[in-house]
Amino acid sequence: MKELDLHLHVLVKQEEELTPEEVELLDEARRATYRSYAPYSHFSVGAAVALADGTIVSGSNQENAAYPSGLCAERTAVFYANSQYPDQPIRRICIVARDTKGEFLQRPISPCGACRQVLLEAEQRAGGDIEVLLYGTEGIYAISSVKDLLPLCFELPGRK
């Protein structure tokens with residue numbers, strides 16, 4: 001029998017350690033939380049993606065009474081970026097959330113399984129890593145690739 005030992009490498013940064021590009025992306029993700037439509041969970045999530053040409057696209061979670069017909073912030077941002085800028089690969093995503101009291105979370109949240117799979121496909125489509133920034137007021141998790149969030153991921157044969 002063989003054993004696999006999987007590890008996740010995460011840098012924990014403070015906001016002052018971010019590059020100007022990362023700060024811009026973080027600011028847009030924070031703003032996106034205020035465009036969230038979350039009348040049921042009262043949990044507002046914003047995501048912003050940076051494209052290879054520097055364009056930033058954001059999205060927010062959109063809930064619906066016909067649950068689960070809503071959509072997460074990450075998928076909103078990625079699908080919009082792919083539909084409006086199909087030739088511009090995504091290079092970075094930042095995800096931010098506010099709690100039911102409207103406060104930004106102290107600890108970062110991570111994308112749900114469906115979003116991880118969508119982000120993985122975007123990374124494969126981009127032909128390179130997508131850096132993931134997960135924001136919390138106590139620290140920002142910086143993960144170098146979506147694949148790190150989904151180590152035993154589903155991939156179509158022949159795709160990298």
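Tutor: Helices (H or I, at least four residues) and strands (E, at least two) are DSSP runs, numbered from the N terminus. This is a predicted model, where local features need pLDDT of at least 70 and side-chain atom pairs count only at pLDDT 80 or more, while totals for chains, interfaces and linings use all residues. Residues are numbered from 1 along each chain as its sequence is written, and side-chain values use heavy atoms, with hydrogens and water left out.

Student: Is Ile 140 buried or exposed?

Tutor: Ile 140 has its place in strand β6. Buried means under 20% relative accessible area, exposed over 50%, and partly exposed in between (1.4 Å probe, protein chains only). The relative accessible area of Ile 140 is 2%, so Ile 140 is buried.

Student: Leaving aside neighbours within four places in sequence, which residues are in contact with Ile 140?

Tutor: Contact means heavy atoms within 4.5 Å. Val 96 is 44 residues from Ile 140 in sequence, and their C-alpha atoms are 9.7 Å apart. The contacts of Ile 140 are Leu 11, Val 12, Lys 13, Gln 14, Glu 15, Leu 18, Leu 26, Leu 133, Leu 134 and Tyr 135.

Student: Which residues have the most contacts inside the largest nonpolar core?

Tutor: A nonpolar core is a set of buried Ala, Val, Leu, Ile, Met, Phe, Trp, Tyr and Cys residues joined through side-chain atoms within 4.5 Å. In soluble globular proteins, nonpolar side chains tend to be buried together. The largest core here has 27 residues. Those with the most contacts inside it are Val 49, Val 78, Ile 90, Ile 93, Ile 95 and Val 132.

Student: Not counting residues up to four places away in sequence, what does Val 49 touch?

Tutor: Val 49 has the partners Thr 55, Ile 56 and Val 57 among its contacts. The others include Ala 77, Val 78, Ala 81, Ile 90, Arg 92, Ile 93 and Leu 25.

Student: With neighbours within four places in sequence left aside, which residues does Thr 55 contact?

Tutor: Thr 55 lies in the loop between β2 and β3. At 22% relative accessibility, Thr 55 counts as partly exposed. Thr 55 and Ile 90 are 35 residues apart in sequence and 9.4 Å apart in space, C-alpha to C-alpha. The contacts of Thr 55 are Val 49, Ala 50 and Tyr 85.

Student: How far apart are the end C-alpha atoms of α1?

Tutor: Expected span is 1.5 Å times one less than the number of residues. Helix α1 (residues 20–33) has 14 residues, so it should span 20 Å. The model agrees, with the end C-alpha atoms of α1 apart by 20 Å.

Student: What covers the buried residues of α1?

Tutor: The buried residues of α1 are Glu 22, Leu 25, Leu 26, Glu 28, Ala 29, Arg 30, Ala 32 and Thr 33. Glu 24, also in α1, counts as partly exposed because its relative accessibility is 48%. The cover includes β1 (11–13), β2, β3 (56–60), β4, β5 and β6 (139–143).

Student: Which elements do the buried residues of α2 pack against?

Tutor: In α2, Ala 73, Glu 74, Arg 75, Ala 77, Val 78, Ala 81 and Asn 82 are buried. They pack against β2, β3, β4 and α3.

Student: Which elements do the buried residues of α3 pack against?

Tutor: Buried in α3 are Cys 115, Val 118, Leu 119, Leu 120, Ala 122, Glu 123, Gln 124 and Ala 126. The packing partners are α2 and β4.

Student: What is the phi of the glycine that follows α3?

Tutor: The residue is Gly 127. Its phi is positive, near 75°.

Student: What is the phi of His 42?

Tutor: His 42 lies in the loop between α1 and β2. Its phi is positive, in a residue other than glycine, and is near 55°.

Student: Is the peptide bond from Tyr 67 to Pro 68 cis or trans?

Tutor: Pro 68 is found in the loop between β3 and α2. Omega of the bond from Tyr 67 is near 10°, and the bond is cis.
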